[in-house]
Amino acid sequence: MKEGKARYLKFFSVIILAVAFSVVFHGISRAAANDPVVFIKDAVDEIIAILQDEKLAGPNRKAERKSRVVAIVEKKFDFREMSMRALARHWKDRSPAEQDRFVSLFRTLLENTYIAKIDTYSGEKVVFKKGAVQGNKAIVYSDLIRKNIETPVNYKLKNSDDRWMVYDVEVEGVSLVNNYRTQFASILSKESFAGLMAKLEEKVSKGAAE
Amino acid sequence: MKKPDSVSLLLRRVFFCCLAIWLGSLTVVFGQDAGGDNDLAFGEERDIGMAADPLEPVNRVFFHFNDKLYFWVVKPAAQGYSYFIAEDVRMCVRSFFKNLLAPVRIVNNLLQGKVADSGVETARFVINSTFGIAGLADPAKNEFGLSPKDEDLGQTLGVYGFGEGIYFCWPFFGPSNVRDTVGIAGDFFLSPVSYLAMSDSGAGVAVQAGGEVNNTSLTLGDYEDFKESAIDPYVALRDAYRQYRQKKIRDVVVGRDSVYISSLGSTQERYALNVPGSASSGAGSESVPADDFFVQVGTSVDADQVMGMRQTLLDMNKKAVVKVSDRGGYNFFSLQVPAGRKFEFAKQEEQRLCAAGFSEARVVQ
């Protein structure tokens with residue numbers, strides 16, 4: 001009963017790790033690069049290696065550690081697709097300039113709040129369960145094991161130009177994109193798009209200050 | 001003197017339960033039901049619509065109350081507690097409380113017709129209460145491979161077709177809705193802590209609060225992260241709660257893999273297999289036992305090789321293969337492993353397959 005509360009709250013902090021972990025592929029063989037499970041797994045291994053690297057753990061190299069993870073994530077996450085999906089029907093009403101600004105703010109928001117949190121990594125393990133491909137979409141099912149508790153983390157990927165990009169992450173069944181879409185829709189039902197942008201900008205600048 | 005009191009108390013409780021259920025069915029009208037079930041795992045994210053939240057102003061007040069409660073009371077208490085109590089111990093306490101609620105899961109699995117899962121929960125309860133020393137450890141999962149089958153009355157009502165009704169944010173208890181509130185009220189009677197609370201309300205509340213502080217001490221930082229990531233934390237929490245509960249009711253992700261399976265069922269099947277013990281599969285979703293493992297075959301394998309592999313699997317395990325599906329260049333064998341067996345066991349199958357010449361075989365859960 002009460003236990004439920006903690007579980008979906010976990011979504012928000014686990015997603016940090018999920019976002020941080022779903023990453024890049026280079027140096028993987030051709031066949032493997034076409035298998036979303038393999039390349040997400042490789043990415044996770046790579047990120048965990050960065051997090052476990054004691055040379056990068058020092059306080060003066062925090063920024064470097066973050067930028068390395070961010071670089072990996074940016075190659076792997078399609079923030080434009082995520083923005084499109086999160087804005088849903090409001091997306092097409094915006095001018096290209098507004099769209100670009102939105103994508104950039106949304107990406108910064110996700111980076112600030114999630115990727116910056118990789119400092120809290122404490123030996124979590126990721127177990128990959130299976131992947132499934134249909135057309136140009138794929139899902140990778142994994143479990144994040146934290147303090148003996150498994151949290152299902154699903155990556156949704158889309159293939160364009162023969163490479164996979166993550167467009168959504170589901171933690172405990174809660175979709176990141178859906179969650180933001182609901183928030184954006186709720187704000188846009190009361191305010192103008194400019195109002196939403198102002199809120200985003202405020203949030204982002206506050207995050208950067210921290 | 002005492003007897004009439006307890007009878008009237010019981011009657012009052014029954015009355016309130018009925019009232020709650022009636023209210024629930026009434027407010028379902030206001031609640032928006034989830035859309036059709038035709039979404040695939042691959043499709044667009046399911047849009048669950050806006051929440052029916054006519055009480056939003058009140059709910060927001062309680063949301064702020066809970067927010068302050070967390071930062072001013074629960075968090076400091078959990079921090080102090082975790083300073084004195086080792087993490088291992090706190091994890092044991094969490095398992096203990098989880099084990100106490102086994103009756104809720106056993107009964108609700110039964111109510112949903114999940115007889116096997118109910119048995120799993122019963123076995124877990126017996127094993128963990130004895131070998132696991134009153135539930136402090138979880139040998140049922142670690143040694144016997146029995147994972148919990150989390151069900152509650154809110155989910156049961158959802159399975160029965162009750163809509164969520166309007167959204168509530170209760171003080172102390174946090175997000176809920178009409179259906180889940182009714183569910184919690186019902187599950188209350190299956191929780192040992194409730195019976196403690198009935199005989200000694202102070203002790204009941206203390207135990208409940210203690211459990212809460214203990215669990216919070218293991219998830220410190222989650223709520224902070226959540227607040228930081230959200231643009232409107234109230235809406236974000238409401239949406240996360242709704243998504244989480246809807247997926248749980250549909251047993252997606254959190255429980256068995258019905259998304260996966262139903263998407264398998266809806267893909268075109270290239271090979272009709274008549275394997276003993278297999279469900280003859282047509283389109284549509286079918287329930288597959290939780291302990292299924294899949295043998296995934298790489299894209300470079302052609303149909304003949306796949307059929308050869310199927311035969312090898314059949315020779316090794318009399319009832320192994322259920323079906324083969326083709327999906328976007330991937331062929332999946334569904335390999336059934338007896339309930340309770342672990343992933344490692346299925347991995348042995350993979351090694352045997354590799355040894356038999358199918359070097360690309362990979363068992364995925």
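Trainee: What makes helix H5 (residues 79–87) of chain A roughly perpendicular to helix H6 (residues 96–113) of chain A?
Mentor: In this predicted model, the two helices pack at an angle of about 100°, with their axes 9 Å apart. Angles of 65 to 115 degrees count as roughly perpendicular, so H5(A) is roughly perpendicular to H6(A).

Trainee: Which residues make that contact of H5(A) with H6(A)?
Mentor: On the side of H5(A) they are A:Phe79, A:Arg80, A:Met82, A:Ser83, A:Ala86 and A:Leu87, and H6(A) brings A:Phe102, A:Val103, A:Phe106 and A:Arg107. Sorted by class, the contact of H5(A) with H6(A) has seven nonpolar, one polar and two charged residues.

Trainee: How many helices and strands does chain A have?
Mentor: Chain A has eight helices and five strands. Along the sequence, the pattern of chain A reads α-α-α-α-α-α-β-β-β-β-β-α-α. Of the 210 residues in chain A, 47% are buried.

Trainee: And what are the numbers of helices and strands in chain B?
Mentor: Chain B has 15 helices and six strands. Buried residues make up 41% of its 365 residues. Among the contacts in chain B with a separation of 6 or more, 65% are between residues 24 or more positions apart.

Trainee: Why are helix H4 (residues 102–111) of chain B and helix H5 (residues 115–130) of chain B called roughly antiparallel?
Mentor: They pack at an angle of about 165°, with their axes 7 Å apart. Angles over 145 degrees count as roughly antiparallel, so H4(B) is roughly antiparallel to H5(B). The crossing in which H4(B) passes H5(B) is left-handed.

Trainee: Which residues of H4(B) and H5(B) make the contact?
Mentor: From H4(B) come B:Ala102, B:Arg105, B:Ile106, B:Asn109 and B:Leu110, while H5(B) gives B:Val115, B:Asp117, B:Ser118, B:Glu121, B:Thr122, B:Arg124 and B:Phe125. The residues of the contact of H4(B) with H5(B) are five nonpolar, three polar and four charged.

Trainee: Where do H3(B) and H10(B) meet?
Mentor: B:Arg90, B:Met91, B:Val93, B:Arg94 and B:Phe97 in H3(B) meet B:Gly211, B:Asn214, B:Asn215, B:Ser217 and B:Leu218 in H10(B). The contact of H3(B) with H10(B) holds four nonpolar, four polar and two charged residues.

Trainee: How do you know that the length of H3(B) agrees with its number of residues?
Mentor: Helix H3 (residues 87–100) of chain B has 14 residues, which should span 20 Å at 1.5 Å a residue. Its end C-alpha atoms are 20 Å apart, so the two values agree. Several residues of H3(B) are buried, including B:Cys92, B:Val93 and B:Phe97.

Trainee: What makes H12(B) mostly covered?
Mentor: In H12(B), 15 of its 17 residues are buried. A residue needs 20 or more other C-beta atoms within 10 Å to count as buried. Helix H12 (residues 233–249) of chain B reaches 24 Å from its first C-alpha to its last, close to the 24 Å expected.

Trainee: Why is B:Ile231 called partly exposed?
Mentor: B:Ile231 has 17 other C-beta atoms within 10 Å. B:Ile231 lies in the loop between helix H11 (222–229) and H12 of chain B, and it touches residues of chain A, among them A:Gln183 and A:Ile187.

How values were computed
Residues are numbered from 1 along each chain as its sequence is written. Chains are lettered from A and ligands numbered from 1 in the order in which they are written. This is a predicted model: local features need pLDDT of at least 70, side-chain atom pairs count only at pLDDT 80 or more; totals for chains, interfaces and linings use all residues. Axes are lines fitted to C-alpha atoms, for helices over the stretch in contact, and angles run from 0 to 180 degrees between N-to-C directions. Helices (H or I, at least four residues) and strands (E, at least two) are DSSP runs, numbered from the N terminus. Angles under 35 degrees count as roughly parallel, over 145 as roughly antiparallel, 65 to 115 as roughly perpendicular and the rest as oblique. A crossing is left-handed if the near helix is turned anticlockwise from the far one by less than a right angle, and right-handed if clockwise. Two residues are in contact if their C-beta atoms, placed from the backbone, lie within 7 Å. Ala, Val, Leu, Ile, Met, Phe, Trp, Tyr, Cys and Pro count as nonpolar, Asp, Glu, Lys and Arg as charged, and the others, Gly among them, as polar. The expected span of a helix is 1.5 Å times one less than its number of residues. A residue is buried if 20 or more other C-beta atoms lie within 10 Å of its own, exposed if 12 or fewer, and partly exposed in between; C-beta atoms are placed from the backbone. Lists of a residue's contacts leave out its neighbours within four places in sequence.
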